[in-house]
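Work through these exercises with the sequence and the 3D view at hand. Try each task before reading its solution.

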Amino acid sequence: MKIFVFLALTLGLTTVSVASPFTNTDSLKNSLGFTPYYSSQNPGRKLKVAVLDKGFFGYEKEIGRTLPAGTRYVAGPVANPENLKVMHGLKMAQILTAMMTNDLRASQWMPELTLYNAFGYSNFKAAIDDVIARQYDLVLYSEVWEYGGNGDGDGFINAEVNRATRAGVIWVNAAGNFALTTYNGPLTTVQDNWVLLPDQNNALALRCQAAAGKKCSAKIVLSWNDFKDDVEEGTTKDLDLALTDDMLNVIQNSALKQSDNRNEGRPGFSKYPREIISAELSPGLYFLRVKNRSNNFTNRDQLRITADGDGLVMPSHSRGESILNPADNPTVITVGASDSDRSSTSFFKDKPDLLAPSSIKLSDGTEYRGSSNSAAIVAAGLGILKSREPRMTRKDLLDAVSSKHNWEQRGLSLNLLGFGPTGPNCFVDVAFNPIPEQIRDVVARGGVPVQTTAAIRVMVAFDPILLVPGLNRQLLNDMIVALPQGGYGIFNRRAMIPPGAVEVFQRPLEAGLCRPTPVNGKNFRL
């Protein structure tokens, strides 16, 4: 994966005056290298951009204000529930607009923007039909599906996305925010047809850590790897899901009967290999249990359990394998958040393709983080590149972003780093007041001082070799060190470093920060 920073290419883009509801987009533009583009006189070709999302509540009042004049809204063939007043898609469109334009200049250039209601499969498919028919250049989809795919880039959701990418559409997808609340495992059946899960009582532990007097609004999805590319094809493989309290008393269950009837529509039946529970949970410990109802699974079958909701903790989550579809699609550009531990990753699929900051602030000081924001930021940057060079493909865009920087290096394993975290499989951050002089620069770049088993170091989301341009490592695990006199140096991992020097390391594959990402109690949730 690569850190997203814009390259100072000679493109010509000017912008129209547009307001922004966010207070930090200008600083994001500067830090990511967007700013030089806005002063050029040649705007390039007007880009056709589509934002697909499940909710754009309030968009009408924002057209011509925080969205381009002429923005089109497509409701889709199936009406949304009347009480669904989701603003997620509106925020994504506003971020993209703010990042692609400069509200300090007036000109004739602005992307042609369409908002597609993609709530539910029928609307999702209809949106893709229209995107292809109207030959859109770029799609921003800041959502993932907890079901519909098998974790391998296949399934009926990815089949639809493949139609768009085969037509030449650049599809930018958020990685999702399920890094700490996804469990993947084999379908091993034990006594009484229960499926073996990693915690006590053949269960998966789930904890609600809501504040006193609050509850966790939880959406829990069980799926297994029998989704077909054809949405009409079903399955005879059948699992049930139960949510229990800490005494194993069942609070709620989902026990649909799976069917391979293409015309299945009977109450209590489903064509799809998934079960869903939605519940309001009081603070405390809960368990998830899975029952094998069909006994026709093989040793190649896998299940996945995801939990979505603020305050939820899954102690036995699958570290490093939490990318859901269509973010697992190899033909899309998957974007993760470099500043959020919840941002999903997949070591085996080499996803996300790009990492970018996600912190977006409103005028009241409220801060939102998550891969949704990062995807909107990256989509804006890639859109600017493609507006000037319309023939640029997915590979061209990724090459353009990474060609002048050493971004191919992954975070190393803890085994190669030679030290580990002091928290429970996570690094505990260290608060300094004031911040020591030698690490102020890297902290300003997003670094976090952390306690390790070998003294305090600074963890960053990118390869720290970027801090010392022009230099190369001799060995893969050579250290990048912030020097007491200022600047940075490269040292062999076995070498003595100067007194007062502090190593800067990329977040390793196995561990992130212990603390949850601070978001003032709110998130742009997927």
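Predicted model: local features only at pLDDT ≥ 70, side-chain atom pairs only at ≥ 80, totals over all residues.

**Exercise 1.** Find which parts the salt bridge between Arg 394 and Asp 353 ties together.

Solution. 
- The side chains of Arg 394 and Asp 353 meet at 3.1 Å, N to O.
- Arg 394 lies in helix α6 (residues 394-402), and Asp 353 lies in the loop between β18 and β19. The pair therefore ties together parts that are 41 residues apart in sequence.
- Arg 394 counts as partly exposed because its relative accessibility is 23%.
- Asp 353 is buried, with a relative accessible area of 8%.

**Exercise 2.** Locate Glu 503 and Arg 457, and decide for each: buried or exposed?

Solution. 
- Glu 503 forms a salt bridge with Arg 457, and the closest N and O atoms are 2.7 Å apart.
- Glu 503 belongs to strand β27 (residues 502-506). Arg 457 belongs to strand β24 (residues 455-460). The residues are 46 apart, and the pair links distant parts of the chain.
- At 3% relative accessibility, Glu 503 counts as buried. Arg 457, at 12%, counts as buried.
- One more item involves shared partners: salt bridges join Lys 125, Asp 129, Glu 160 and Arg 163 into one network.

**Exercise 3.** Describe the setting of Gln 94.

Solution. 
- Gln 94 has its place in helix α2 (residues 88-100).
- Its relative accessibility is 3%, so Gln 94 counts as buried.
- The side chain of Gln 94 is joined to that of Thr 66 by a polar contact of 2.9 Å.

**Exercise 4.** Which residues gather with Asp 229 in a patch of negative charge?

Solution. 
- Asp 152, Asp 154 and Glu 233 gather with Asp 229 on the surface.
- Asp 229 is in the loop between β9 (216-224) and β10 (239-244).
- Asp 229 counts as partly exposed because its relative accessibility is 47%.

Methods: Residues numbered from 1 in each chain as written. Heavy atoms only, no water. Patch = residues over 30% accessible without salt bridge, like charges linked within 9 Å, V, L, I, M, F, W, Y side chains within 5 Å. Areas by Shrake-Rupley, 256 points an atom, 1.4 Å probe, with all protein chains shown as cover. Salt bridge = Lys/Arg side-chain N within 4 Å of Asp/Glu carboxyl O. Lys, Arg positive; Asp, Glu negative; His and termini not counted. Charge placed at Lys NZ, Arg CZ, Asp CG, Glu CD. Helix = DSSP H or I, 4+ residues; strand = E, 2+ residues; numbered from the N terminus. Buried < 20%, exposed > 50% of the residue type's maximum accessible area, 1.4 Å probe, protein only. Polar contact = N/O pair within 3.5 Å; in protein donor to acceptor, adjacent residues only side chain to side chain.
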